[in-house]
Amino acid sequence: MAMETCVLGGGCFWCLDATFRLVEGVEEVVCGYAGGHDPAPRYEAVCRGETGHAEVVELSFDPEVIGFRELLTIFFTLHDPTTLNRQGNDVGTQYRSAIYTLNEAQERQAREMIAELESDYADPIVTEVRPLDRFYPAEAYHQDYFTKNPGNAYCQFVIPPKRHKLARTFGHRLKG
């Protein structure tokens, strides 16, 4: 079967990149930008909130191993979908919770899951769900950033707890 793709934003793309790389069936993770107006987004402008883009990851996955809905379950576990334009200490529209859909099935599944999860949270889920206009890969140095920069203080503080939560909750879905 052919690979499928989805695009998710849940805070800093380094965090989603470092966690989804561990998930069985996820064959490729690309950090990038989506959801904005700038046709040539660069990291510095995205961080200043000038482009309208969110930091996202594009996941290429084998649907015979893991489905889109399972990826969404992991996604909603790894970030707080109730904080508008914020994840932890990362504040700004570039850190918004977002699902950029590639087809009607993805949009339907995303909206259904949000409706199902709504009662699990004290605050409303603010995850943006809309069709992907265009995905822009981030600069090369952002790809697999955690592996290349294990001593980075931000990464050491934020990523290991997400990876531990992933292993505790979805250990059966991780690569051997």
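A: Setting aside residues up to four places away in sequence, Leu 8 touches Leu 16, Phe 20, Val 56, Val 57, Leu 59, Leu 72, Phe 75, Ala 98 and Ile 99 (contact: heavy atoms within 4.5 Å). The model is predicted, so local features need pLDDT of at least 70 and side-chain atom pairs pLDDT 80 or more, while totals for chains, interfaces and linings use all residues. Numbering starts from 1 along each chain as its sequence is written, and side-chain values use heavy atoms, without hydrogens and water.

Leu 8 also belongs to the largest nonpolar core, which has 44 residues (buried Ala, Val, Leu, Ile, Met, Phe, Trp, Tyr and Cys joined through side-chain atoms within 4.5 Å; buried is under 20% relative accessible area, exposed over 50%, partly exposed in between, with a 1.4 Å probe and protein chains only). Leu 8, Phe 20, Leu 59, Leu 71, Leu 72, Phe 76 and Ile 99 have the most contacts inside this core. Helix α3, spanning residues 68-78, gives the most to the core, contributing seven residues (helices are DSSP runs of H or I, at least four residues, and strands of E, at least two, numbered from the N terminus). Another core, of eight residues, lies apart from the largest one and includes Val 30, Ala 34, Ala 54 and Tyr 100.

The buried residues of α1 are Phe 13, Trp 14, Cys 15, Leu 16, Asp 17, Ala 18, Thr 19 and Phe 20.

Helix α1 (residues 13-20) packs against helix α6 (residues 153-170) at an angle of about 40 degrees, with the axes 9 Å apart (lines fitted to C-alpha atoms over the stretch in contact, with angles from 0 to 180 degrees between N-to-C directions). That angle makes α1 oblique to α6 (under 35 degrees is roughly parallel, over 145 roughly antiparallel, 65 to 115 roughly perpendicular, the rest oblique). On the α1 side, the contact is made by Trp 14, Cys 15, Ala 18 and Thr 19. Helix α6 supplies Tyr 154, Cys 155, Val 158, Ile 159, Lys 162, Arg 163 and Leu 166.

Helix α1 also packs with α3, at an angle of about 130 degrees and with the axes 12 Å apart. The two helices are therefore oblique to each other. In this contact, Leu 16, Thr 19 and Phe 20 of α1 meet Leu 71, Ile 74, Phe 75 and Leu 78 of α3.

The C-alpha atoms of His 79 and Gly 10 are separated by 6.0 Å, although the two residues are 69 residues apart along the chain. With neighbours within four places in sequence left aside, His 79 is in contact with Gly 9, Gly 10, Gln 87, Ser 97, Thr 127 and Lys 162. The loop between α3 and β4 (86-87) also holds Asn 85, which is not a glycine and yet has a positive phi of about 55 degrees. Asn 85 counts as partly exposed, at 21% relative accessibility.

Gln 106 is located in helix α4 (residues 104-117) and, at 4% relative accessibility, counts as buried.
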